[in-house]
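This report describes the chains, their domains and the contacts between them. The sequence and the structure are shown first.

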Amino acid sequence: MAATSQRRHVLSIADLDRPDLERILDLTGSFAEVSQRRIPRVPALRGKTVVWLFYEDSTRTRLSFEAAAKQLSADTVNFSVGSSAVNKGESVRDTVQTIEAMGIDAIVVRHSCAGVPHRVADWIDASVINAGDGRHEHPTQALLDLYTARTHLGGLDGARVAIVGDIVNSRVARSDVLAFTAMGAEVTLVAPRPLLPSSLEGWPVTVTHDFDSVLGDIDICYLLRMQLEREAGASVPSLREFRAEYGLHAARADRLKDGALIMHPGPMNRGVEIDGDVADRPNAVIAEQVANGVAVRMAVLFLLLGSGLDLAEDHTVAAA
Amino acid sequence: MSARLAAVPSHGTVVIRGGTVVDSTGTRRADVLVGDGRVIAVDPAGLDGDRTLDASGCVVAPGLVDLHVHLRQPGREDAETVETGARGAALGGFTAMIAMPNTDPAIDCAAVVREVQDLSAGSCCDVYPSAAITVGRRGVDLVPMAELVRLGVRIFTDDGAGVQDARVMRRALEYAAGLDHLTGGRRVVLAQHCEVDELSRGGSMHEGEWSSRLGLGGQPAEAEELMVMRDIALARLTASRVHFQHLSTAGSVAMVRAAKEAGLAVTAEAAPHHFTLTDACCATYDTVFKVHPPLRTDADVASVRAGLADGTLDAIATDHAPHTSADKERPFDAAPPGMLGLETALALALTNLELPIERLLALMSWQPAAIAGVDDRHGRPVAPGEPANLCVIDPEATWTVSGVAMASPSRNTPYEGMELRGRVRHTLLASEPVVIDGEVQR
């Protein structure tokens, strides 16, 4: 992404190398500053239109993108699948080509099936941002995770990251493995075999089934949501046993190094992968992840749609 | 079914001039004169006829026989019809094909068998409907096999799904083995789509490195292999004949090889995509690469090729499976599996398999003809008096695959833009040229 302004889509962390990621994280820092302003709004994307096309329920990701777009002064359109032609059987291709015909600059896609954003990118000229595709990737989540972790740890070179729990069903895990390792971190997957992908060929990770063995070594303990709606529960004997073996309960959290971060992409199953009181500890940065999501998504939208120029305060809004 | 022949008007004799005849008896330079449905003469010294087809530089062979096509009629005529499928078949050098029963309604009763037979009358390829093993392909109750055999059905399969219940499959094998008196002693064939649903459910591609990376649900090789293993055991138990459809894994090929060495009456086919493409093709999420059984690994491709070379696999069958663009544009999980195959099969075999043309034609003509029980009419030696179902192949011609150029209303070829070697020049059905110089005549 040497010429970042020419990048058209953000579909997968696999498409980004370390300089790309660093550029986004640095830009995220700038936008985090914008968010702190009295009027948290810049005119960078005035006149640009961004559409949300969410085929799968989402609260935090969509709100986060909306906040990001608003702070950049972009116009936004929410294509609510529940009340649209999609429910009448319209294909994804017809839907996105119809939306594009209305004149849009970017489309943010979430779908329960892997690869849909990639196909959409083949079908339209507007920029496509993957807001989560099935069990594949969730690139902006990984970017906000990197940003949050980097803010606390300084850098990620040599950082030891454990990603714990329902790996196989997790698009966050796939993006985070690629993102953290690209930034120089070492990633260990901690999960029972049925919750791991069938093949880890080519994955730059180590694997353990023994959560306790890594607790004292790691800088980041990243817990994944047990995706009970994807039948993750059927992959383990019981949630009780899962919590006992792979949940971050207080006794495990006590064994983490000082300064080790506890992260979770939300929404949490408190009492399953993470105990309620652990999620509220000072080294749990879960709420911060959510907060940083806005700045990260501003950076992504700006890189795809911005002229690269105007980060000045939006005086028209300030005056109003 | 032979009644159809009479409906085809005769237009005098045709001489196929300047080619090399290749059939199950060997290879020789000769002109071939055909007329009135039959081969009239085969002569290296040259022949004359009312019409001449140039075959210089070409192989003149018995027409190809496809054990496995989906013609979508009745039910999905927007994707394919018997007529368009027959055109594609003729363009691909096929003179006979077995239509799979997963139509809507399924071919599971006399009425639908007759419908498909009627639809194929006068088309440019002989179409033999197979029938389902179980009513509605639901895996529970057997279809009226004897009644359907009397109508000419010789292959039964629930293709698109395997018969999950071993007890049902055993019953079907035992019952079918007692129908010889209806067929002049030939065995009715039960063909199995090998897939154990419990293991493949939720999968839309091969389970392995690529499915894990792409976040798509996987179907492990073992989902196929477990049913191959089971049905080999059932073939032994019932002393019956089983045909394995579209085998795709190294393990399946190895098990069939061992079963044949043990003397069991098993036969097997493989599809061109399983000796050509791998699961890595799915990396773009293009559903044109979604097929069941799924594209496998390089090692599986190598095993399928080896199985075709050493005789473990008896036939190349296309598993031609047209789907509309609208259906194929659904998300990968939801898109229907299958790809076009009729017009590319021969060229893929010539391009990718390092087999002598005689071996290749055995796999695509007389061996599948024998499995399907149509070897009284197809895959016959090119000799006076034999039915003149022939194809003329230019083995060196190169061409570029184009979906829009194909006869099917569907476009789902995974080989779009690929340059292949070997092209069908002419196809003759009952001595009538149905394809001349690559142009379909009906």
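## Domains of chain B

Domain bounds are taken here from an automatic or database domain assignment. For chain B of this predicted model, the assignment gives domain 1 (3-58 + 390-406 + 415-440) and domain 2 (63-372). The C-alpha centres of domain 1 of chain B and domain 2 of chain B are 27 Å apart.

Where the two domains of chain B meet, 22 residues of domain 1 are in contact with 27 residues of domain 2. On the domain 1 side, the elements of chain B that contribute two or more residues are α1 (3-7), β18 (390-400), β19 (419-429) and β20 (432-436). Of these, β19(B) gives the most, with 7 residues. By class, the domain 1 side comprises 15 nonpolar, 4 polar and 3 charged residues.

## Overall form of chain B

Chain B contains 13 helices and 21 strands. Its radius of gyration is 20 Å, close to the 22 Å that the globule rule gives for 442 residues, so chain B is as compact as a globular protein of that length. The C-alpha trace of chain B spans about 60 × 50 × 40 Å along its principal axes.

Of the 442 residues of chain B, 59% count as buried. Among contacts in chain B between residues at least 6 apart in sequence, 75% join residues at least 24 apart.

## A buried histidine in chain B

B:His243 belongs to strand β15 (residues 242-244) of chain B. Because B:His243 has 26 C-beta neighbours inside 10 Å, it counts as buried; the threshold is 20 or more. Not counting residues up to four places away in sequence, B:His243 touches B:Val189, B:Leu190, B:Ala191, B:Thr267, B:Ala268 and B:Ile371. B:Leu226 is 17 residues from B:His243 in sequence, and their C-alpha atoms are 15 Å apart in space.

## Domains of chain A

The domain assignment of chain A gives domain 1 (4-138 + 292-319) and domain 2 (139-289). Between the C-alpha centres of these two domains of chain A the distance is 26 Å. Their contact takes 25 residues from domain 1 of chain A and 23 residues from domain 2 of chain A.

On the side of domain 1 of chain A that touches domain 2, the elements giving two or more residues are α1 (18-36), β4 (127-133) and α10 of chain A. This side has 9 nonpolar, 9 polar and 7 charged residues.

## The largest nonpolar core

In soluble globular proteins, nonpolar side chains tend to be buried together. The largest nonpolar core here has 244 residues, of which A:Ile107, A:Ile163 and A:Leu301 touch the most other members. Helix α10 (residues 286-305) of chain A supplies the largest share of this core, 11 residues.

Leaving aside its neighbours within four places in sequence, A:Leu301 is in contact with A:Leu45, A:Val50, A:Ala68, A:Ala69, A:Leu72, A:Ala74 and A:Ala106.

## The contact between chains A and B

How many residues of each chain take part in the contact between chain A and chain B? Chain A contributes 22 residues, which are in contact with 19 residues of chain B. The elements of chain A that give two or more residues to this side are α3 (92-101), α4 (116-123) and α6 (171-182), and the largest share, 3 residues, comes from α4(A).

The side of chain A that touches chain B is made up of 6 nonpolar, 9 polar and 7 charged residues.

Conventions:
Residues are numbered from 1 along each chain as its sequence is written. Chains are lettered from A and ligands numbered from 1 in the order in which they are written. This is a predicted model: local features need pLDDT of at least 70, side-chain atom pairs count only at pLDDT 80 or more; totals for chains, interfaces and linings use all residues. Two residues are in contact if their C-beta atoms, placed from the backbone, lie within 7 Å. Helices (H or I, at least four residues) and strands (E, at least two) are DSSP runs, numbered from the N terminus. Ala, Val, Leu, Ile, Met, Phe, Trp, Tyr, Cys and Pro count as nonpolar, Asp, Glu, Lys and Arg as charged, and the others, Gly among them, as polar. The radius of gyration is taken over C-alpha atoms; the globule rule is 2.2 Å times the number of residues to the power 0.38. A residue is buried if 20 or more other C-beta atoms lie within 10 Å of its own, exposed if 12 or fewer, and partly exposed in between; C-beta atoms are placed from the backbone. A nonpolar core is a set of buried Ala, Val, Leu, Ile, Met, Phe, Trp, Tyr and Cys residues joined through C-beta atoms within 7 Å.
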